[in-house]
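The following note is intended for a colleague examining the model alongside its sequence. The points are numbered so that each can be checked separately.

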Amino acid sequence: MLENSQIITEARLLLKGKWPLAIGTFVILFLISMAASFLPFVGQIVGILIAGPFSVGSSFFALNIVRGHNAETDDIFFSFNNKLGNSILAYLLVLVFTFIGFILFIIPGIIVALALSQTWFILAENPSLDPYEAVIKSKNMMKGYKWKFFKIGLRLFGLGLLCLLTFGIGFLWLIPYQHVVYAKFYQELKLANN
């Protein structure tokens, strides 16, 4: 598996020439999510119902960039056309397992979140996979790699702090970059698990 620094560098190179598409796609995703959360009475419920499908869709978009496929803004709607219920149920499972981990103490919650972090990429590749199987597959894939993934997350968190100095404008670049970094990590993780 590549070193974290190589994963991060390759992700940046993969976005070369695709920044406008990536930024525009994630701005649209953000605006849809915000609009849904502002719906009177049902905003929170709608937010929960679309979080899973959009997590899978953004993973599908990022994987297309990593694999050199034709990434399009429509990719974020991938899950709405491919076994929508699976992405919603997977989101609820990840939410419940992570919540239970945080109830036990913060550290177990972080470990659970790291273990289940690949669920969205797994469903982006195989949307008909049972949600519980996707969660378990993520857990199994991440054995021995949670610390590596955590360190990548720390680097991106540090960049997030720098984005605050730009009054949030830097997040326009960081969020798509983060998704492509995680997609590249997933790609490497798959190779390491074969």
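How many salt bridges does a search of the whole structure find? The search finds four. The model is a predicted one, and the points below should be read with that in mind.

1. Salt bridge between E10 and K184. The side chains of E10 and K184 form a salt bridge, with an N to O distance of 3.0 Å. E10 belongs to helix α1 (residues 4–14) and K184 to helix α9 (residues 171–193), so this pair ties together parts that lie 174 residues apart in sequence. The two partners can be described by their accessibility: E10 counts as partly exposed because its relative accessibility is 29%, whereas K184, at 10%, counts as buried.

2. Salt bridge between K184 and E188. K184 also meets the side chain of E188 in a salt bridge, here at 3.5 Å from N to O. The two residues are four places apart in helix α9, so about one helical turn separates them. E188 has a relative accessibility of 10% and therefore counts as buried. Taken together, E10, K184 and E188 are linked in a network of salt bridges.

3. Salt bridge between R67 and E125. The closest N and O atoms of R67 and E125 are 2.3 Å apart, and the two residues form a salt bridge. This pair links distant parts of the chain, 58 residues apart: R67 is in the loop between α3 (43–66) and α4 (84–104), while E125 is in helix α6 (residues 119–125). R67 is partly exposed, at 29% relative accessibility. E125 is likewise classed as partly exposed, with a value of 30%.

4. K148 is located in helix α8 (residues 146–164). In general, side chains of opposite charge can pair when their charged atoms come close. With neighbours within four places in sequence left aside, the residues in contact with K148 are M1, L2, E3, N4, I7 and F185. A reader inspecting the surroundings of K148 may wish to display these contacts, which include E3.

5. The buried side of α7. Within helix α7 (residues 131–141), the buried residues are P131, A134, V135, S138 and M141. They cover an arc of only 130 degrees around the axis, so they lie on the same side of α7. The elements that cover these buried residues include α4, α5 (106–115), α6 and α9.

6. F157 lies in helix α8. F157 counts as exposed because its relative accessibility is 53%. The C-alpha atoms of F157 and K137 are 26 Å apart, and the two residues are separated by 20 residues along the chain.

7. Which phi values do K83 and F167 have? For K83, phi is near 55 degrees, a positive value in a residue other than glycine. K83 is placed in the loop between α3 and α4. For F167, phi is near 60 degrees, again positive in a residue that is not glycine. F167 is in the loop between α8 and α9. With a relative accessibility of 79%, F167 counts as exposed.

Definitions and conventions. Residues numbered from 1 in each chain as written. Predicted model: local features only at pLDDT ≥ 70, side-chain atom pairs only at ≥ 80, totals over all residues. Heavy atoms only, no water. Contact = heavy atoms within 4.5 Å. Buried < 20%, exposed > 50% of the residue type's maximum accessible area, 1.4 Å probe, protein only. Arc of directions from axis to C-beta.
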